[in-house]
Amino acid sequence: MPITNNPSTLIQAETLELLEWPRLCQHLATFAATKLGVAAAAGLEIPATRSQTAELLAQTQEAYQLENSPNGSLTFEGIQDIGSFLKRAELQGILGGDELLAIATTLAGARQLRRTIDSHSDLPVLAQLASQLRTYPELEQEIHRCIDERGQVADRATPKLGGIRTQIRQLRDRIYQILQGILQRQSNAVQEQVITQRNSRFVIPVKAPQKDAVPGIVHDSSVSGATLYIEPNNTVNLNNQMRQFLRQEQVEEEAVRRALTEQVSAVKPDLERLLAVVTILDLAAAKARYSFWLQANPPKFIELEERKIQLENEVKEAEENASEDNSETEKATEIPNLRSPVTLRQLRHPLLVWQQQYEQGFSVVPIDLTIQPQIRVVAITGPNTGGKTVTLKTLGLAALMAKAGMFVAAREPVELPWFDNILADIGDEQSLQQSLSTFSGHIKRISRILAALTDAPAVENADDLTNSDRPSITDSQLPIPQSLVLLDEVGAGTDPSEGSALAIALLQYLATHSLLTVATTHFGELKALKYQDPRFENASVEFDDSSMQPTYRLLWGIPGRSNALTIAKRLGLVPEIVATAKTYVGGASQDVDRVIAGLEAQRRKQETKAKEATQLLQQTEQLHREVAQKAASLQERERELKLAQEIAVQEAIGSAKAEIAQIIRRLQSGDRTAQNAQQATETLNQIAEKHLPSRKQPAKPKPGFMPKTGDRIRIPSLGQTAEVLSGPDANEELTVRFGIMKMTVKLAEIESLDGQKPETKAEKAKSISQTATNVKAKPTESEPAKASAPIALRTDKNTIDLRGARVSDAEIEVDRALAKAVEYGSLWIIHGKGTGQLRRGIHEFLASHPQVARYELASQKEGGAGVTVAYLS
């Protein structure tokens, strides 16, 4: 921004320098892809109107969306700064081959940009910009046809040029042939076997003492004079012809480049617009990439129209109430001047973030800036080196970045009012050359700020108004300027009492004439303004009393302590001086500092509790999510098991129907004899025994179960499984443990994991007394007892073959197979007969496995003693 004599322009330019805006622009320029984008980013200007900012912000948001999309980002490959080429073409200059080639690659790059943007339907702002790109593919093709990749005019440019170059090549071959012959014949006179050029004529190097051996024209000599470059007489005419052809080639090349330059000149306005659009797109992409690197979020400029309407209604209601009470009629009812709230949580200084990342700086401590709409002035107090000035610069840069269409390094939501002007007085304006002291320098700059605030708004046709026609406008009727004012150490550099009075008066003036003012100070009187005027608010930078170090955190609502003596001692001042200084500090000041210290301690305690509560809430929510996921997983598992069981039953039914149908067909096709009918009946009975669960009764529990130490048992009344610690005593009581609890239970209150009840003394006596009756009721061989067993369907999914395996390996395989066979309810284990050792080992393993309800040998048809069927609980 150029610096002029206009006070408003001058102070705005000074503000940009004070806030280090040029340095931020240099950082932004590193994210640009083209030279045009780098130049635009390095000199990024602040827009003057809100509509311009809205447009820039929309461009950045869409570029950010595109940069983070899976389909790729904006690429600017091939795009170059061709502005100077276009100006020379307009002035009828002839462009070189490289310059024409740069124009062609720029057209191709712009076309690729447009294709990328058009492939996304949700980028209306960028699409509107891309629609302005006229890339002239016919011009690009013509340039590539006439100019090769080296920037030279190609043979194919014109037939005449192609013919000339063919003659040049043929003539060059003849000259080379003649000179090669001379080199071979006069090898003793030649300095080295090479053919070179001098003054665009082919010559050979000849030793100076033997120049007569090669008659011709001497065109040059070496520095030592030992070598002469001679054009033999045999090639003079040929070289003359070569010069003529080369001149014709040059003329024809120039004609080709002139024709292409004229085509470029004809579309110069469109190409200049293309450069402008490409620069806008590159700048938007650079802002998006910078925002992504900075982990920034888009700002929002909040409107308060609804709030103003609400306040107007409240004022009308207050006026009606006041009219009923004469004592209230004299009170003026006014609508307070509001602005949009400032919501900047976890705000970080972008230059400090850059310094931390690339210059090994300190870690950045974020600050919270939440300023309510009714607040006009914020007074920040606290110790030196505590971060007050950095807070001012951080807020100023955030406002500038938002106006420039950039994201702000803060947590969402990022809410800011619209500031027409951002004005700052930060640092020391002392100047020996201009005879300015520190105080004088601050006053000069503040005067320029006040002048910028009071610039009268422009009035259309103001010159046509007479004095009588001009409206009378009082200060109260003027619109409040939308300005952000940042003041560092306001009123400093002079007598403390006068400086404090001047600072109070200045802040009260700015509360009326600016939208928001943030000032840092050490004056205690400014801390009391909050309690006198609702437009004022206090903030302070935190100081850790335990470490005697500033924490750089910003605290709201509490004034800060300067801690000057503490900081002086930490910085190495003689302790004796610090101790003496403490005796001169007033008692009232010490009391205030103690009160402030108590408030800070209470605030830190509340923050700690709030943080712990937040962590506990997060842990609770995480636990709830995990429980919900596990419940959903169990429900899904249960549904899958039911579905698998239904499928197994359907398959069994289908298999039984197929077998029955096969028997019926065999019976129908064979002789209808009684023997065949009896065989068919027996086969049907076997199928029914195999597939119909209604024909099978549940197996009775095995008698004689007695728990031993180390066994796992179930307590039905508690719904728990437990481990037996000691066996039943004389009173039939045993000690068990489940979890961390131990308890004593009765023998009758437990059962085995497969449902067997232990036989108590009373039941045992009753069993002996009924033995005779049971013998009578025992079924004979002609009346076999009905087997009661659950359905055991055998498939390749629930069958394993362990023949030849060792017992230890077989146990591992059985355990794995049991886990997979849950949905089938049974597991068929083929172990073979052999010596029986593998069978006994498997039976012992199944007997102690908690997942197995019972096991038995398979029927003779299914393998007999060589196969064991394990039923799962």
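In what sense do strand 2 and strand 4 pair, and over how many bridges? Strand 2 and strand 4 (residues 227–232) pair in the antiparallel sense, over four bridges. Two strands count as paired here if DSSP finds at least two bridges between them, and both helices (H or I, at least four residues) and strands (E, at least two) are DSSP runs, numbered from the N terminus.

A word on the model before going on. It is a predicted one, in which local features need pLDDT of at least 70 and side-chain atom pairs count only at pLDDT 80 or more, while totals for chains, interfaces and linings use all residues. Residues are numbered from 1 along each chain as its sequence is written, and side-chain values use heavy atoms, with hydrogens and water left out.

**Around strand 2**

Pro205 has Tyr229 of strand 4 as its bridge partner. Strand 2 (residues 201–207) is also joined to strand 1 (residues 196–198), by three bridges and again running antiparallel. In that pair, Thr196 stands opposite Val203. Two residues lie between the strands of this hairpin, where Asn199 takes a positive phi near 55 degrees. Six of the seven residues of strand 2 are buried, so the strand is largely enclosed by the rest of the structure; buried means under 20% relative accessible area, exposed over 50%, and partly exposed in between (1.4 Å probe, protein chains only).

Helix 5 (residues 83–90) has Gly83, Phe85, Leu86 and Ala89 as its buried residues. Seen down the helix axis, they fall within an arc of 160 degrees, so they line one face of helix 5; the arc is that of the directions from the axis to the C-beta atoms. Their cover includes helix 6 (97–118), helix 10 (236–266) and helix 11 (268–294). Just after helix 5, Gln92 takes a positive phi of about 65 degrees.

Helix 11 also meets helix 3 (residues 35–42): their axes come within 8 Å and cross at roughly 65 degrees. Axes are lines fitted to C-alpha atoms, for helices over the stretch in contact, and angles run from 0 to 180 degrees between N-to-C directions. Leu36, Gly37, Ala40 and Ala41 in helix 3 meet Leu275, Thr279, Asp282 and Leu283 in helix 11, contact meaning heavy atoms within 4.5 Å.

**Nonpolar cores**

A nonpolar core is a set of buried Ala, Val, Leu, Ile, Met, Phe, Trp, Tyr and Cys residues joined through side-chain atoms within 4.5 Å. The largest has 62 residues, of which Trp21, Leu344 and Met406 touch the most other members. Helix 14 (residues 388–403) gives the largest share of this core, eight residues. Apart from it lies another core, of 43 residues, including Leu74 and Val267.

Four strands form an open sheet of mixed pairing, in the order 20-21-23-22. Strand 20 (799–801) and strand 22 (852–857) stand at the edges with a single partner strand each, so one side of each has no neighbour in the sheet. Neighbouring strands are turned by 20 degrees against each other on average, direction ignored. Strand 20 and strand 21 (residues 826–830) run parallel, joined by three bridges, and Ile800 has Ile829 as its bridge partner in strand 21.

| Helix | Strands touched | Angle between directions |
|---|---|---|
| Helix 23 (residues 807–820) | strand 20, strand 21, strand 22, strand 23 (867–872) | about 150 degrees with strand 21 |
| Helix 24 (residues 837–847) | strand 21, strand 22, strand 23 | about 155 degrees with strand 22 |
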